[in-house]
Structures are given as structure tokens and as C-alpha cells.
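Here is a short report for someone meeting this structure for the first time.

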Amino acid sequence: MPLKIALTKGRIEKQVIGLLECAGIDCTMLKNKQRKLIINSADGEYCFILAKGPDVTTYLNTGTVDIGIVGSDILTEHNNEQCELLDLQSGKCQFVLASTADFDFNRPGRKVIGTKYPLITQRYFESLGQDVEIVKIEGSVELAPLIGLADAIVDITETGTTLRENNLVIYDYLDQVSTRLVANRMSLKQHTAAIFEFTDSLQQAITTKKNVQKQMEESK
Ligand SMILES: Nc1ncnc2c1ncn2[C@@H]1O[C@H](COP(=O)(O)OP(=O)(O)OP(=O)(O)O)[C@@H](O)[C@H]1O
Ligand SMILES: O=P(O)(O)OC[C@H]1O[C@H](OP(=O)(O)OP(=O)(O)O)[C@H](O)[C@@H]1O
């Protein structure tokens, strides 16, 4: 039986394929998947299931898959109950509080915050002792303060381009985010050797990539 791996499709999938190849896993079928959502590796050892991040946590919690590859933003927002094995050191970005340059955070009154991450936002403002109204948004979160839906946003940023191009500024930095490898607790007991073999090969690939990057920087 192959190990069932739920892989977050989109940005994470693209970055992780490079790492899987570096770990010696043939990803030809994954790269040529077109609209297929379930893909077996050429050696038959792994079955990749392409899903949205929040659904990866659902598959993990229900034991539908053995392993999940998903952003730490999603794991935190969905209260991960499973076993985090490895930080894949990719998909790096950071949560920020942002708004228009003229916004006065000290003004009295209850603020409205737009976000894809209501739980993380609630915890952040609770830690500041502030009561805010949170509006859940599904994407293009940067629109919220621009069109009058919210006073500010809590969202992730990587390069800062989206904020900059929409004239938004950062008021605070929250948690850092990266892609994580997570195992279902029961699967970890049943398939310990296979899961640790997979984890070790990815750890080695991360180290190799880091060394290559370091050598390239030194030779500049
Ligand atoms: N700008 C970014 N830079 C780096 N990593 C990011 C960035 N945005 C998101 N991520 C990471 O990638 C994960 C998946 O994001 P991605 O944008 O591919 O999917 P999504 O948020 O479901 O958006 P879409 O609906 O456009 O597919 C996020 O959960 C986060 O961990
Ligand atoms: O700092 P940057 O490099 O510009 O990246 C930040 C953007 O990336 C994410 O959006 P995504 O591309 O996932 O699109 P979305 O708005 O549909 O969520 C995030 O929500 C920001 O909008």
C-alpha cells in the first residue's frame, strides 16, 4: 500500500515538487498531472492527493491520508491536532497587520479587520486586549481597507509587492509562516518506518538544497 500524502495544490505543490525530486522521488506523473487529483509516484510508494490547504487538515484529522503537506498558517488557523514532523523551509511568508498609510490605530472605537484567518486575527487582538469586529474574506484581502469594508487587514505577505502596489503599509508583524510536513497520529503508529524514511529523505533534500545555495552565494 502506498503512503497517502495530501499535498496543498498551487504554490506549495510547485515548491514541494522540487524538494521531492531532490529527495530522489520521480515526480514526472505529478508534473504532468493536468486535471488529475490523485497521482501515484512512478515507484508506487506514494499516492499524492491534491487538495486545498484547509482540506488537507480535514483529511489528516479524519485519517483519510497518512501525511499532509500544508502551510503553518492553515495548521494554526485550523488548530492542528496531528503530528508535525518537519519544517520544509519553503513557502516562507509572514502574517502582518496592514492598512492605508493614513489609518490611525489609536483612534477610539471598535475596529473592523478583514482577513482569511479569523482565529489567528482574534488571538492577536485578544493578546493586545482589543475587541475588534472580524470580517472573513476568501481572497484579495488587500481590497478590504481600500473599498471601505474594513479598517485594516491581517494577511500573509512574502515580497510585499501586493501591499505596496495597493498603497497599504505594515503596522505590525505577527507569526512567520512556512510549509510543514504533518502525519496523522494513527498512521504514524501503523507506518512508522515508511513515514520516517520519507521524512528523512526530505530532511536530507533540505540540507542539500541549503548547501548548494550557500556554495552559490559564496562563489558570487
Ligand atoms: N505570497 C505568498 N508567499 C509564500 N507563501 C504563500 C504566499 N501566499 C500563500 N502562501 C502559502 O501557500 C499556501 C497556499 O497558498 P495559495 O495562494 O497557493 O492557495 P490559496 O490561498 O488557497 O489561494 P488560491 O485560492 O489563489 O489558490 C498558504 O496557505 C501559505 O502557507
Ligand atoms: O507579499 P506578496 O509576495 O505580494 O504576497 C502576498 C499575497 O499572496 C497571498 O495571496 P494569494 O496570491 O494567495 O492570492 P489570494 O489573494 O487569492 O489569497 C496573500 O494573501 C497576499 O495577497
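N40 stands opposite C47 in β3. Strands here are DSSP runs of E with at least two residues, and helices are runs of H or I with at least four residues, both numbered from the N terminus. β2 and strand β3 (residues 46-51) run antiparallel and are joined by 3 bridges. Two strands count as paired if DSSP finds at least two bridges between them.

This is a predicted model: local features need pLDDT of at least 70, side-chain atom pairs count only at pLDDT 80 or more, and totals for chains, interfaces and linings use all residues. Residues are numbered from 1 along each chain as its sequence is written, while chains are lettered from A and ligands numbered from 1 in the order in which they are written.

## The six-stranded sheet

β2 and β3 belong to an open sheet of 6 strands. The order is β2-β3-β1-β4-β11-β5, and the pairing is mixed. β2 (38-40) and β5 (83-87) are the edge strands; each has a single partner, so one side of each has no neighbour in the sheet. From one strand to the next, the twist averages 25°. Axes are lines fitted to C-alpha atoms, for helices over the stretch in contact, and angles run from 0 to 180 degrees between N-to-C directions.

Helix α3 (residues 53-62) packs on this sheet. It touches β1 (3-8), β3, β4 (67-71) and β11 (179-183), and its direction makes about 150° with that of β4. Contact means that the C-beta atoms of two residues, placed from the backbone, lie within 7 Å. Helix α9 (residues 192-218) lies across β1, β4, β5 and β11. It runs at about 25° to β5.

## The five-stranded sheet

A further open sheet has 5 strands in the order β8-β7-β9-β6-β10. Its pairing is mixed. Which strands stand at the edges? They are β8 (133-136) and β10 (168-177); each has a single partner strand, so one side of each is left without a neighbour. Neighbouring strands are turned by 25° against each other on average, direction ignored.

Strand β7 (residues 112-115) pairs with β9 in the parallel sense, over 3 bridges. Here G114 stands opposite I153 in β9. Helix α5 (residues 118-127) packs on the sheet and touches β6 (93-100), β7, β8, β9 and β10. The direction of α5 makes about 165° with that of β8.

## Two domains

The protein is divided into domain 1 (3-91 + 178-218) and domain 2 (93-176). These bounds come from an automatic or database domain assignment. The C-alpha centres of the two domains lie 30 Å apart. In all, 5 residues of domain 1 are in contact with 6 residues of domain 2. The domain 1 side of this contact has no nonpolar, 3 polar and 2 charged residues. In this count Ala, Val, Leu, Ile, Met, Phe, Trp, Tyr, Cys and Pro are nonpolar, Asp, Glu, Lys and Arg are charged, and the others, Gly among them, are polar.

## Around the ligands

How many residues surround ligand 1? There are 15, and the closest are G10, R11, G71, C93 and E158. A residue is near a ligand if its C-beta atom, placed from the backbone, lies within 6 Å of it. α1 (11-22) and α4 (72-77) are the elements that give two or more residues to this shell. By class, the shell has 5 nonpolar, 6 polar and 4 charged residues. Domain 1 and domain 2 each supply at least three residues to the shell around ligand 1.

The shell around ligand 2 includes G139, S140, D155, T157 and T162. β9 (152-157) and α7 (161-165) are the elements giving two or more residues. β9 provides the largest share, 3 residues. The shell around ligand 2 divides into 2 nonpolar, 7 polar and 3 charged residues.
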